[in-house]
Amino acid sequence: MENRTNFFHLHLISDSTGETLISAGRAASAQFRSAQPIEHVYPLIRNRKQLLPVLQAIDEAPGIVLYTIVDRELASLIDERCVEMGVASVNVLEPVMNAFQIYLGAPSRRRVGAQHVMNAGYFARIEALNFTMDHDDGQMPDDYNDADVVIIGISRTSKTPTSIYLANRGIKTANIPIVYGVPLPESLFIASKPLIVCLIATTDRISQVRENRVLGATQGFDREHYTDRAAISEELKYARSLCARHNWPLIDVTRRSIEETAAAIVALRPKLR
């Protein structure tokens, strides 16, 4: 019998950017293979005038409602109207804030967008992003000791997107391609501050990604060698030998998302200090 995927409406209402809700909604949805969400995201909802059209849209396409609204009056209006419409609604942050209030013995400020203020942490992330973009793909090798993390790996192991993801968390990250037979910059071996980690994947996975990559390659590009599994195996062997020689940790990204790879790198940092 043919497997069919059911779809449902997932309404995400936020008084800020909606990033928290999107992450929570997708994390929950991923646990239900037979149902896929149709996401409706409503960011920056901060007054009744903005909220009423959203409630109308929910009435026209009923589903699950998740929201992060710190204004109690607006939150109550969402709950009341959802009860009237017969749809489930969840205030995602409220249980968390209640736990904080009980433990800390103090009420929350209930300030909209408090996590997005332009404080020292914000500017640290901007600095990390600038550093990471300047040190992408082996650029500016003299500055590697200023990095928090240096990612190495052969072509198509997701070095750049992983670096950018880490930078968005305030971690200055450089990345360097490993090319078979080409020595890495000497500055890498004398850097004492950064965690140096190598990303690898299976030969088949890298070959598959490279096959897709070469579709837009420039004229004269050696596609056959770039995607050849025997050549890729030699590249991986070379990368592994480098890491074994210098005691650099390896992370296999074959079945990892960028987020999971970044989390594995973050977990390594305190262990190697």
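Tutor: Helix α8 passes helix α10 in a right-handed crossing; a crossing is right-handed if the near helix is turned clockwise from the far one by less than a right angle, and left-handed if anticlockwise. The model is predicted, so local features need pLDDT of at least 70 and side-chain atom pairs count only at pLDDT 80 or more, whereas totals for chains, interfaces and linings use all residues. Residues are numbered from 1 along each chain as its sequence is written, and side-chain values use heavy atoms, with hydrogens and water left out.

Helix α8 covers residues 203-213 and α10 covers residues 229-246. Helices (H or I, at least four residues) and strands (E, at least two) are DSSP runs, numbered from the N terminus. The axes of α8 and α10 come within 9 Å and cross at roughly 120 degrees. Axes are lines fitted to C-alpha atoms, for helices over the stretch in contact, and angles run from 0 to 180 degrees between N-to-C directions.

On the α8 side, T203, D204, I206, S207 and R210 meet R229, I232, S233, E235 and L236 of α10, where contact means heavy atoms within 4.5 Å. The residues of this contact divide into three nonpolar, three polar and four charged. Here Ala, Val, Leu, Ile, Met, Phe, Trp, Tyr, Cys and Pro count as nonpolar, Asp, Glu, Lys and Arg as charged, and the others, Gly among them, as polar.

Leaving aside residues up to four places away in sequence, S155 touches I206, R210 and Y226. S155 itself lies in the loop between β5 and α6. Its C-alpha atom is separated by 19 Å from that of E259, 104 residues apart along the chain.

S155 also belongs to an annotated set. In an unreviewed entry, UniProt places the feature "binding site" at G153, I154, S155, R156, T157, S158, K159 and T160. From this set, the lining of the largest pocket takes in I154, S155, R156, T157, S158, K159 and T160. On a 1 Å grid over the protein atoms alone, a pocket is an open set of points with protein on both sides within 12 Å along at least five of seven lines, and lining residues have an atom within 4 Å of a point. G153 has its place in strand β5, residues 149-153.

Helix α6 (residues 159-167) packs with α5 (residues 120-134) at an angle of about 160 degrees, their axes 8 Å apart. The two are therefore roughly antiparallel.

How values were computed: Parallel < 35°, antiparallel > 145°, perpendicular 65-115°, else oblique. UniProt positions renumbered as here; feature names shortened; annotations may be inferred. 1 Å grid on protein atoms, 1.4 Å probe; cavity = no way out; pocket = protein on both sides within 12 Å on 5 of 7 lines; lining within 4 Å.
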